[in-house]
Amino acid sequence: MTWLLPRLLMALAAVGLGFVVGVLVRAASGSEALSLGLGVLAGVAALLLVDAVRGNRLLNWLRGNQLDSAPRDTGLWGELGYRVERAMRDRDRALARGRVELDQFLSAIEASPNGVLMLDRQEQIVWCNRAAADHFALDPRRDLQQRITNLVRAPAFVAYLQAGRYAEPLVLGTGRGPGTLSIIVREYGEGMRLVLSLDVTERVRAEAMRRDFVANVSHEIRTPLTVLSGFIETLQALPLTPVERDRMLLLMAQQTQRMQTLVADLLTLAQLEGSPRPAPDRWVALDSLLARVAADAEALSAGRHALRLRPATGVELAGIESELLSAVANLVTNAVRYTPDGGEVELTWRLLEDGSGELAIVDTGLGIAREHIPRLTERFYRVDGSRSRETGGTGLGLSIVKHVMQRHGGELMIQSEVGRGSRFRLVFPAARVRQSGDVALGDEAAFAASAAAQ
Ligand code: ADP
């Protein structure tokens, strides 16, 4: 009620003005009625004029952009201006706060790896984040207010959206590369819909790989098992000569051996996947490792090939001995297995300029056609299935080699030409290679480093 007192004072001033005017008019004209009339008129006119000026000032401020403050008049108009201004500032502040919160909320959804897309009741896009735009190949600005079904025309998606049964997610191939999306729709508000999309390409691929792996393992085990059970039935049902029996037992032993090798390779792979990375300071002497590999290869070849597998490297490699042995042995036995009698297999070692080391196994064998090379390290991938099985292969060897090399920070490289032979190279990073003579140096350096640290 702060405006009341100034208002009363103003009314009092108007009365005073009217009185003065009345007195002056009476003195000039001597007419009572005229002086009264003009006095009242003057007082009311003065009041109206002040109101009109102040009201107009407030009105002008309201018509403008209200960036400056409202007119600071006293009394009713001043109070009115102040109240209106305060209400407007409060509303602006609330709006700005709402806008910041909305921006934060939208940025959070924007940052989500999942696609979020809002549709109105006409299936028009109200808003979508970048992930959704990417998943559905949309332009987040240009495609706003467009019907989603005009832009995403995959029949399965259109049918799913229009059927209105959203209990189960829709799994949709994106048509771009091998991508797969899982799509969920939720209804909200009045006829609005929220479309959530999740890129499940990797998950689908991993599931397919797992299924393939189980199918492959089952197939690999079923074949020798079928052979074994056939032999067992024959042994049970037919009277065989000792020679026939011995031959059958030999074949049975071969099949059992095949299953044992497969299980051993599977276990190796499982171990490689589940164990920590090899320590960088456990040194393995390469020459003695190569001697073991060479002895096995010589037994396998039984003099059918010219083998040169024992270079004197004087090198040590940092890693896990059993894994390194398995990698080199797999490559050398493959070279022997896939090289016809009379061929050559050579193993060489060289230090590269950057300090890394390269172990190469070169054969003059069957070779591999170019299109197979990128897939050789896939599990159970074989170029020539029958030769692989005949020679005791599981199809897992190169997959094991690749895993071992990855774990040691190295690389497996394959070059081959059909009919001319193959070169398999294992490249070890410099940090995992040292000359045997470096041992003392290495220890001294370590001692110096630890002394310096103390
Ligand atoms: P496998 O047990 O069948 O030998 P690997 O994973 O060791 O399985 O090798 C995959 C395939 O690569 C083999 O089946 C074979 O066809 C081919 N391969 C591997 N090494 C050689 C080689 N030295 N010469 C020719 N082909 C090879």
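Q: How far is a nitrogen atom of the ligand from an N or O atom in the side chain of Ser422?
A: This is a predicted model, in which local features need pLDDT of at least 70 and side-chain atom pairs count only at pLDDT 80 or more, while totals for chains, interfaces and linings use all residues. Residues are numbered from 1 along each chain as its sequence is written, and side-chain values use heavy atoms, with hydrogens and water left out. A polar contact here is a pair of N or O atoms within 3.5 Å. Between the ligand nitrogen and the side chain of Ser422, the distance is 3.5 Å.

Q: Which helix gives the most to the shell around the ligand?
A: The shell holds 21 residues, each with a heavy atom within 4 Å of the ligand. Helices (H or I, at least four residues) and strands (E, at least two) are DSSP runs, numbered from the N terminus. Helix H10 (321–337), helix H12 (397–407) and strand S12 (421–428) each supply at least two residues of this shell. With 3 residues, the one that gives the most is H10.

Q: In which pocket does the ligand sit?
A: On a 1 Å grid over the protein atoms alone, a pocket is an open set of points with protein on both sides within 12 Å along at least five of seven lines. A molecule sits in a pocket if more than half of its atoms lie within 2 Å of its grid points. By that rule, the ligand sits in the largest pocket.

Q: What is the volume of the largest cavity?
A: A cavity is a set of grid points where a 1.4 Å probe fits but cannot get out, and a volume is the space filled by probe spheres set on the points. There are 3 cavities of 30 Å³ or more. Among the residues that line the largest cavity are Pro6, Asp51 and Trp77, and its volume is about 50 Å³.

Note on methods. Polar contact = N/O pair within 3.5 Å; in protein donor to acceptor, adjacent residues only side chain to side chain. 1 Å grid on protein atoms, 1.4 Å probe; cavity = no way out; pocket = protein on both sides within 12 Å on 5 of 7 lines; lining within 4 Å.
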